[in-house]
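Please walk through this protein from its overall build to its local packing. Keep the model open alongside the text.

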Amino acid sequence: MTKLSAQVKGSLNITTPGVQIWRIEAMQMVPVPSNSFGSFFDGDCYVILAIHKTGSNLSYDIHYWIGQASSQDEQGAAAIYTTQMDDFLKGRAVQHREVQGNESDTFRGYFKKGIVIRKGGVASGMKQVETNSYDIQRLLHVKGKRNVVAGEVEMSWKSFNRGDVFLLDLGKLIIQWNGPESNRMERLRGMNLAKEIRDQERGGRTYVGVVDGEDEKASPQLMEIMNHVLGQRKELKAAVADTVVEPALKAALKLYHVSDSDGKVVVREIATRPLTQDLLSHEDCYILDQGGLKIYVWKGKNANTQEKKEAMNQALNFIKAKQYPPNTQVELQNDGAESAVFQQLFQKWTVPNRTTGLGKIHTVGSVAKVEQVKFDATSMHVQPQVAAQQKMVDDGSGEVQMWRIENLELVPVDSKWLGHFFGGDCYLLLYTYLIGEKQHYLLYIWQGSQASQDEVTASAYQAVILDQKYNNEPVQIRVSMGKEPPHLMSIFKGRMVVYQGGTSRANNVEPVPSTRLFQVRGTSTNNTKAFEVPPRAASLNSNDVFILKTQSCCYLWCGKGCSGDEREMAKMVADTVSRTEKQVVVEGQEPANFWMALGGKAPYASTKRLQEESLVITPRLFECSNQTGRFLATEIPDFNQDDLEEDDVFLLDVWDQVVLRPGDLRSDHPNSQGQEIVALRMGKVFFWIGKNANEDEKKAAATTVQEYLKTHPSGRDLETPIIVVKQGHEPPTFTGWFLAWDPFKWNNSKSYEDLKAELGNSGDWSQITAELTSSKPDVFNANSNLSSGPLPIFPLEQLVNKPIEELPEGVDPSRREEHLSIEDFTRALGMTPSAFSALPRWKQQNLKKEKGLF
C-alpha cells in the first residue's frame with residue numbers, strides 16, 4: 001500500500017497560506033515546481049494542498065485531480081495519498097475529488113491566470129513545462145468567464161466554434177482567435193492566459209497576435225498562418241451554450257445516513273431542506289446530495305474507523321446508484337473542520353465553546369454574563385479589516401441629516417426627534433464622514449414595520465434622488481425595523497429608541513399608549529438601542545435591562561444576567577424615553593405596581609443567552625448576472641479585489657451577525673417554563689456595482705439580492721440588510737473583507753483594447769508569417785537523434801559506468817538516463833525525470849558524470 005513518504009512529510013509546509021502540488025509518478029508523490037502551477041497533463045493524477053488563513057486560524061483543502069486518460073492505479077494512489085495527507089493534518093482538511101472537465105469553482109479559483117490541460121502524461125515521457133521551448137504545436141480551447149480552463153484539443157478547424165476563445169500555440173507565435181459571439185470578458189481572460197504562457201513558459205520570447213472572429217479580414221497574415229497550420233476552413237460550428245445551473249437545483253438538498261452496523265452498508269434518506277446541524281451525529285457518517293451537482297460526505301469524529309476509510313468509496317457507489325455522471329464533484333467533510341460552503345447549506349451552524357462578538361462567558365446562576373471588548377474607532381481607516389469585522393466606518397461622530405417620508409416627500413426631522421424611530425414611518429438618514437480630506441457618505445433607508453407600502457416605495461425612490469444629488473457617491477444601506485446595524489446606533493450615542501408604531505409627525509392624532517415597555521440592548525454608546533416590546537410580563541428577559549414607562553412612574557428593571565455596562569447604558573437611554581425620575585428594580589424584587597402595569601406575573605425567558613456556541617461564518621463573494629434571463633450567482637473562492645470586474649455586479653455575503661430572539665422551547669428542554677433564546681443567522685449583504693455594469697443589472701440590484709436570499713439553501717432571513725456600494729466609493733466596512741485593498745486600482749485600469757494594443761507588432765506579421773508558412777528542408781548533423789518516439793528501456797546495471805562499446809544495441813550514449821525506467825531513473829539520480837529536466841544543462845551533465853551515466 002502507498003504511504004506518505006518521509007520525504008513528502010519533510011517538505012510539506014502546513015503553516016504558510018498558499019498552494020502546493022504533487023504529481024503521481026510511479027505511484028509516488030513528486031512535487032511540481034511552482035512555475036508549472038496551473039499546467040496539468042490529462043494522462044496524470046495530481047494532489048493539491050491549499051492552505052487558507054482567516055484571522056489567526058488556518059484551514060486546509062486537499063484536492064486530488066484525475067486526468068481523463070490516467071490509469072486506475074494512479075487514480076487509486078491519488079485518493080489514498082489524499083486520505084493519508086488528511087490523517088497527517090489530524091483530520092483538519094476538507095477532501096475534494098476533481099475530475100477533468102468538471103473541476104469545482106474552488107479548485108479553479110487557485111489558478112487566477114487559468115488552467116492549461118495538455119495531452120499526455122508521465123507514463124508517455126511528458127515533462128512539465130519547459131521554459132524557452134519553441135518546439136510546440138497545440139490548440140487550446142479556452143472555457144470559462146472567470147477562472148478559465150484551457151484544454152488541448154485536435155489541431156483542426158473542427159475544434160472551433162463561434163462562441164469561445166481559442167489559442168493556437170506555435171512556439172514562437174500564439175494566435176488568439178476570438179469567436180464572433182464571445183464576450184469581452186472571455187476575450188480578456190484568453191489574452192491574459194496567452195500572455196501568461198508567453199511570460200512564464202517562453203520567458204517573454206513569444207509573439208501574441210489576436211484575430212477577432214467577426215473581422216478576420218483585419219488580420220490577413222495571422223489568418224494565413226492559421227489556414228496553413230489547420231487547413232482551409234469549410235465551416236464554423238455554432239456557439240455551445242455554457243451549462244446553466246438552476247438555483248432551485250442548488251437548493252435541493254437531501255441528507256442520507258450511512259451505516260454498516262450489521263455488516264452491510266445501508267444508506268437511508270433522513271431529511272430534506274432546510275437542514276439543521278443537530279441532524280448530524282458524531283457517531284455516524286452521512287451523505288448530503290445537493291441536487292446531483294455535488295456530493296458531500298460528512299464523517300463523524302466518533303464513527304468507526306472502517307466507515308471513515310470507506311467514505312469516498314461510499315460516495316462513488318452512491319453516484320453510481322443514483323446514475324449521476326462519473327465526474328460528479330465529491331467533498332469529504334471532517335467533523336469539526338467543515339468548509340464554509342458545507343456549513344451554509346444548513347439553516348444554523350455553530351461551534352461549541354466559542355463565542356463571537358458578544359464577548360467572554362461568565363456564569364452567574366443560570367444566566368450568562370458577557371464581557372464586551374471596547375471599540376477603538378481610530379483603527380478603522382488604518383486597518384479596514386477592523387472596520388469590516390466591527391461593521392463600523394467610524395465612531396458615529398460625523399455630520400447627520402435626517403428626513404421622514406411624509407405625503408411621499410422628504411420632510412426634515414425636527415432636532416428633538418433625532419434618534420427616535422417610529423414603526424409607522426420611513427426615514428432617510430445621510431451620514432457624512434471624512435477619510436483624509438475627502439468626504440464619504442452613507443445613506444440609511446430605515447423602513448418601519450407599520451409604514452404603508454406607498455411610504456416604503458417612496459423611501460426607495462427618494463433615496464435614488466438623494467443619491468444622484470450627491471453624484472451617486474453614497475453607500476446605500478436598507479435597514480428593516482429591528483435590524484439596525486451598530487454604526488447607525490453609534491450615531492445617536494446610546495440614545496436610539498425604536499417604537500413599535502406611531503409617528504413623529506406634527507399633525508399626529510394617534511393616542512399615545514399609557515404604558516410602554518422597552519428592551520435595552522448594548523454596552524456602550526456605539527451599540528445601544530431601546531426597542532419597544534409588548535407591555536406584558538412574557539416580554540421580559542433575564543439577560544437584559546427593560547424600561548417600563550407608565551403614567552405615574554418609570555421603572556428600570558435589571559435582569560440577573562445583565563452587566564454593569566448594560567445598566568449604565570439603560571439609564572442613559574431611559575432619559576430619552578422619559579424625563580421623570582427612574583425607579584431601579586432588581587429581578588426578583590419587583591413591587592406589586594410593576595406587575596400590575598404589565599397585566600400580572602407570567603413566565604418569561606430566564607435561560608442563559610446562547611453563548612456556549614458561536615456561529616462560524618466565512619464571507620462569500622458572488623458574481624451576479626442576469627444575462628440568461630434569470631438570476632445567476634457564481635461564487636468566487638479565495639477572492640480578492642482583482643475579482644471585482646468593472647462590467648459586473650457582485651454580491652458580498654457577510655455572515656457576521658448573531659440575532660437573538662425568543663423561540664419555542666422543545667419539549668425536552670430542561671427549562672420548559674420560559675422561552676428559549678434562539679440564535680439566528682442574520683448577517684448583511686453588500687451589493688457592489690461596477691461602473692460599466694449594464695443598466696438592467698443596476699436596476700435589478702435589489703431584486704437580485706432578494707432572489708439570492710430566497711433561494712439560499714440554508715433558508716435566509718429575508719429582512720437581511722442590503723447595502724449598495726458603487727465602484728470607487730467603497731466604505732471600509734466593505735474593503736476590510738479584501739486583503740490589501742488598493743483605493744487607486746481602477747484609476748489606472750486597462751481595457752481589453754488597451755491590453756491588445758500593448759501586444760505590439762502593429763499588425764505587421766510579414767517576417768514570422770514567412771517563417772511559419774515556408775517549406776523547410778530537414779536539417780540534421782552527426783549528433784542528431786533520428787529516431788522518433790520514446791527510447792527503449794534498459795536495466796540500470798547495463799548503463800551505469802559502461803564504456804560505449806559495452807552498451808546494449810540501440811542505446812544513445814549521450815542520453816543514457818532516458819533509457820531508464822522512472823523507478824531506476826529516480827533511484828540512480830536521486831530525483832524524478834521532471835525534476836531533472838528543470839535543472840540547468842551544466843548541472844545535468846555534472847550529475848550524470850557523478851552517477852556514471854555520462
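**From the whole to the parts**

Residues 24 or more positions apart account for 68% of the protein's contacts with a separation of 6 or more. Contact here means heavy atoms within 4.5 Å. This is a predicted model, in which local features need pLDDT of at least 70, side-chain atom pairs count only at pLDDT 80 or more, and totals for chains, interfaces and linings use all residues. Residues are numbered from 1 along each chain as its sequence is written, and side-chain values use heavy atoms, with hydrogens and water left out.

The protein holds 22 helices and 40 strands. Helices (H or I, at least four residues) and strands (E, at least two) are DSSP runs, numbered from the N terminus. Of the 854 residues, 51% count as buried. Buried means under 20% relative accessible area, exposed over 50%, and partly exposed in between (1.4 Å probe, protein chains only). The protein exposes about 40300 Å², and carbon and sulfur atoms supply 49% of it. Accessible areas come from the Shrake-Rupley method with a 1.4 Å probe; for residues, only the protein chains shown count as cover.

Turn now to a sheet. Seven strands form an open sheet in the order E3-E7-E9-E8-E10-E11-E12, with mixed pairing. Strand E3 (39-41) and strand E12 (207-212) stand at the edges, each with a single partner strand, so one side of each is left without a neighbour in the sheet. The twist averages 25° from one strand to the next. Two strands pair if DSSP finds at least two bridges between them. Strand E11 (residues 173-178) pairs with E12 in the parallel sense over six bridges. Leu173 has Tyr207 as its bridge partner in E12.

Which strands does helix H4 touch as it packs on the sheet? Helix H4 (residues 184-201) touches strand E7 (115-118), strand E8 (138-143), strand E9 (149-153), strand E10 (165-169), E11 and E12. The direction of H4 makes about 20° with that of E10. Helix H5 also packs on the sheet, touching E10, E11 and E12. The direction of H5 makes about 100° with that of E11.

H5 has a helical partner too. Helix H5 (residues 220-230) and helix H19 (residues 766-773) pack at an angle of about 10°, with their axes 10 Å apart. That makes H5 roughly parallel to H19. Angles under 35 degrees count as roughly parallel, over 145 as roughly antiparallel, 65 to 115 as roughly perpendicular and the rest as oblique. Axes are lines fitted to C-alpha atoms, for helices over the stretch in contact, and angles run from 0 to 180 degrees between N-to-C directions. Gln221, Glu224, Ile225 and His228 in H5 meet Ser766, Thr769, Leu772 and Thr773 in H19. Two residues of this contact are nonpolar, five polar and one charged.

Next comes strand E29. Five of the five residues of strand E29 (residues 529-533) are buried, so E29 is largely enclosed by the rest of the structure. Lys529, Phe531 and Val533 point one way, while Ala530 and Glu532 point the other way. Strand E27 (residues 496-499) runs parallel to E29, joined by three bridges. Val498 has Phe531 as its bridge partner in E29. Strand E28 (residues 516-521) pairs with E29 in the antiparallel sense over five bridges. Here Leu517 has Val533 as its bridge partner.

Val649 is buried, with a relative accessible area of 3%. Val649 and Phe687 are 38 residues apart in sequence and 7.1 Å apart in space, C-alpha to C-alpha.

Key
Ala, Val, Leu, Ile, Met, Phe, Trp, Tyr, Cys and Pro count as nonpolar, Asp, Glu, Lys and Arg as charged, and the others, Gly among them, as polar.
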